[in-house]
Each structure stands twice: as C-alpha cells, then as structure tokens.
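Colleague: Before I set anything up with this protein, I would like to go through its architecture with you. Could you show me the model?

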Amino acid sequence: MKHSKLKSQESVFVSFILLLVLFQWSCAEQTPMEQGRQVLQQAAEAMGGLEALSAVETITREGTKQRSSLGQARVASERLYVQPARPYKQIIDFTVPREVEFSGSDIRVTDWVKGGYNRDSRHVRIAQIRQLGAYKKEWDRDIVTFLVGALGEESTVEGISEGRVEGRPHQVVSVRYIDDVLYQVYVDDFTHLISKLEYTEDRNPYGDLAKERTFADYREVGDLTLPFSQITKEMGLVTEVREFSEMSVNGEIQEDLFEIPEEIREKVASMAHLDTIPVTPIELDKGVFFGKAGQHNMWVEFEDFILVAEGPTNEMQSLEAIRQIRKTVGDKPIRYVVTTHHHADHAGGIRTYVAEGAAVVTHALNEEVIREFLTRPHTLKPDRLSQSEHEPQIETVEDRRTITDGTRTVELMHMPNPHSDGYLVIYLPRERLLFESDLFSLHEDESWPPPVSPATRVFYEAVTKAGWRVDRIVPGHGRVVEWQELIDALKATDSSR
Ligand SMILES: [Zn+2]
C-alpha cells in the first residue's frame, strides 16, 4: 500500500514537471502570430475588453475637425489646401452601417444600404458607390470597432515587431484585415493602448497612398477607454485633425437625422448600388458634347481625332464617358485630354484617357503633379493605365496654344487666378463656347444672386481682355450658363455691396 501511494505521489509530481516543461516550451515557442494576437488582446483589454467593444452599436462624437485636402491647393507645388477647423459631430450606427455628420452648417448622411448625400449652403451632392466604399472602410477601421475586426475570423495576424511612437516603446502588430488591407498596429508597451495605425490604400489619382492615424488623449466613455484625439496623415502630411470634447456610446438613435429627403431618395438609392457613373451626352454644337455627370467634361470632334476637356472624378466615370464618346463621335483616336487645373476632382480620371493613347495637355506649372498622377504605383487597385504598356505623354502650355485642323479650332489660354495658378481655359471661337471649372458655377435651382468669387472676376476680365466672344460657359460643375448670366451675376453682386 505504502509503496503504491508513494508511486502515485511520484507520478503526480512527474506529471506536474511535465506540464511545467510543456507550458514553458509553449511560451518559448509562441509564434510571432500568437504574440501579435496576444498584444491585440491586451489592447482590447486596455480599452475595456473585447466583449464591451463588441457590444458597441452606435457612437456619437462631438468636437472640431480640421481638414487639409490633398491635391487641392492653389499652387500645384503645394500639396494641401488647408481649411479652418470647424465644429463637428458624427453619429455612427455600426449595425447598418450608416453615419450622419455635421460640419459647420453642412450635413452628410452616408448609409451603406440606402445610399448617401451631402448638403452644403449651395447644393446637394449624391454619394457615388466609391464614396460609400470609402466610408465603409472608415467604419471598419474606426478605433472603437477595429480590434473586434482585427481579432475576428476575417483577419490574419501576420507578425510582430518593435517600434516607437514619440519616443515611447511599442509593439507593432501586422494584421491583414477586411478588404486585404495590411495594418501596422502600434500598441504602447506601458498603457497597452493603440497609439497609431499605419496602412496603405488606393486613393485616386495617387494610387497606392501611405496613411497613418494617431490616437491620443484616451478617456473613459462608460465602460470603455477611447481616444479623444485622432490625427490622420497622408503621404506624411497632416490632412485631418479631429479633437473631441464629448463622446457617448449606444445612445438613442434619432432616426430623423438619418432620413434621406424624399425628393432625392430614389436617386440616392440608385447611385448607391450603381457600379458606374452615368454620363449623359448633350450636343452643344455639331461634334461638341457636354458630358453631364456629377462633375462634367466636354469632348470635341476634329477631322481625325477627338479632344477631351477634363477627365474628372475617376476611372469609373472616364470609362463611361469614353463609351459615350464612341457612341456620339465614333472611333477616332482621343489625341488630347486637356486639364483646366491640377485639382484631383477634375483630373482624377485622366489616367484612363492616357491609357487610351491621349496626351495630357496642361499648364507648365502642373507638369510635375500630372506626371506624378500618371506614374505613381497603382498596385492595390490596378487600373487601365497601370495595366497598359503605354508611356504617358504630357504636353505643357505656357501662355497660349491653338489646336486646329482647319475645320475646328480650340484655343487654350493661361489664366492664373485665386483658385489655381496653372489654369487653362478652353475656348472654341467658332462655336463661342468656353469650358472652365471652379471659376463660375451655377447650380440648378441656385438662388439669386449666386456667390461670385474673386476667381470669377479674374475670369470675366481675362476673357474680355482677350476679346473672346462667348455665348455659353460649359462648366465642370453645375449647369451650362449663358455668358449674360455671368455679367448679371457680377452686376448683382456689385449692387448688393
Ligand atoms: Zn478646383
């Protein structure tokens, strides 16, 4: 008896040692992926626990937002159009998902199911599928839900390394998350809170774009600990600063805030699920077409080729515009795509025309930026140009250029103005048509008098001085405008001063 008892005690002891060895072995052999997971789990713990984070259905944040838009500066050599900080409020409902944002007096509603729109003091814009997609990504990477996704089944932790944020030691976890985006998650060694996310995503027309978002000023919100400061950098430059003063989670949703106005509901819904951007051709003169879309362009038929004024938005719109070009003026080569200025909204679709063989005609001041648009890597979302062997051609204009084949003439003139320095206006003398963007826009149902910017005056004076006789202005935004309406608008503004 005694012997066997000793034996069983021995075996318990041996088992214990064995377990200890096994445990140590498993710790020592923890793979980088397992270590990474553990660090993310600690981060979730530091924010209030994965269970509490999973239970977040809505979040309301209030404070200020300051944006600097990439590629929208007046001077092409500067990257950012810096805007002032404005009061800001966002309500995100992750269950749909959907969001409503108030920024100054502007409102934006984005609903993954119903579609979206935004309204500023002048007009309403309907969200396109790509914009909804961009919001979806923001909801997926929102700091309050990020770890739930990153530790979920759809994600893969790929490894771990060490790094620093503002001198503080961090664990850096690589995690591949929704839509195959690879994030570097910086977790503070001491607080275990996330200080930074680094990732690369496709951004038209830059292609692969390096982004980072830093999080600071963590405070308690109910059972959670959440950052009250979020700063976003793109290409190493600060493009968004959000500082919050109030935050709440799972509050009552005010359904009416998410309401999409009846008169646009149908259009909003149709755009949300439309995998293209409709372009409606309107014939302005024989062989001259206005490509009406959210942001418009124009195409002009010559004897042997086609000239396109602006390639707005993105490839989705350019592909549709090219389809309409083929329908209206046939299969002649598109030889030129002329940019009025370098802003990303008006040049976002030029890559597709270049893939078709067009040369970009732009003011000399924009050469570098346009070359960048045409040559930067597009590996995350390859487009027509990145898949073609085509060597992009840029033709620069200093003061003036005339493109003519004897039957048709297009005049280009440099018109520096407060909106953009390297600006070209596009004039068809015989047809008395002039294409411009952002210098003077009248929207449908615009109240009178419309806003007249300093750029509008420069535009009016330069055209008058050049002796150009213009009947109609063909715009990148808004509707086709009679020249007389511009004169009336200027007069109305003068008399109301
Ligand atoms: Zn512009």
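Colleague: Which residues does the domain assignment of the protein give to domain 1 and domain 2?

Modeller: Keep in mind that this is a predicted model. The protein has 13 helices and 27 strands. The domain assignment divides the protein into domain 1 (32-271) and domain 2 (276-495).

Colleague: How far apart do the C-alpha centres of domain 1 and domain 2 lie?

Modeller: For scale, the C-alpha trace of the protein spans about 115 × 50 × 40 Å along its principal axes. Between the C-alpha centres of domain 1 and domain 2, the separation is 34 Å.

Colleague: How many residues does the contact take from domain 1 and from domain 2?

Modeller: Contact here is counted with C-beta atoms within 7 Å. On that basis, domain 1 gives 18 residues and domain 2 gives 26 residues.

Colleague: Which element supplies the largest share of the side of domain 1 that touches domain 2?

Modeller: The elements that give two or more residues to this side are strand S11 (194-203) and strand S12 (207-221). The residues of this side of domain 1 divide into 4 nonpolar, 7 polar and 7 charged. The largest share, 3 residues, comes from S11.

Colleague: What percentage of the contacts in the protein with a separation of 6 or more is between residues 24 or more positions apart?

Modeller: Of the 497 residues in the protein, 36% are buried. Among contacts with a separation of 6 or more, the share from residues 24 or more positions apart is 59%.

Key:
Residues are numbered from 1 along each chain as its sequence is written. This is a predicted model: local features need pLDDT of at least 70, side-chain atom pairs count only at pLDDT 80 or more; totals for chains, interfaces and linings use all residues. Domain bounds come from an automatic or database domain assignment. Two residues are in contact if their C-beta atoms, placed from the backbone, lie within 7 Å. Helices (H or I, at least four residues) and strands (E, at least two) are DSSP runs, numbered from the N terminus. Ala, Val, Leu, Ile, Met, Phe, Trp, Tyr, Cys and Pro count as nonpolar, Asp, Glu, Lys and Arg as charged, and the others, Gly among them, as polar. A residue is buried if 20 or more other C-beta atoms lie within 10 Å of its own, exposed if 12 or fewer, and partly exposed in between; C-beta atoms are placed from the backbone.
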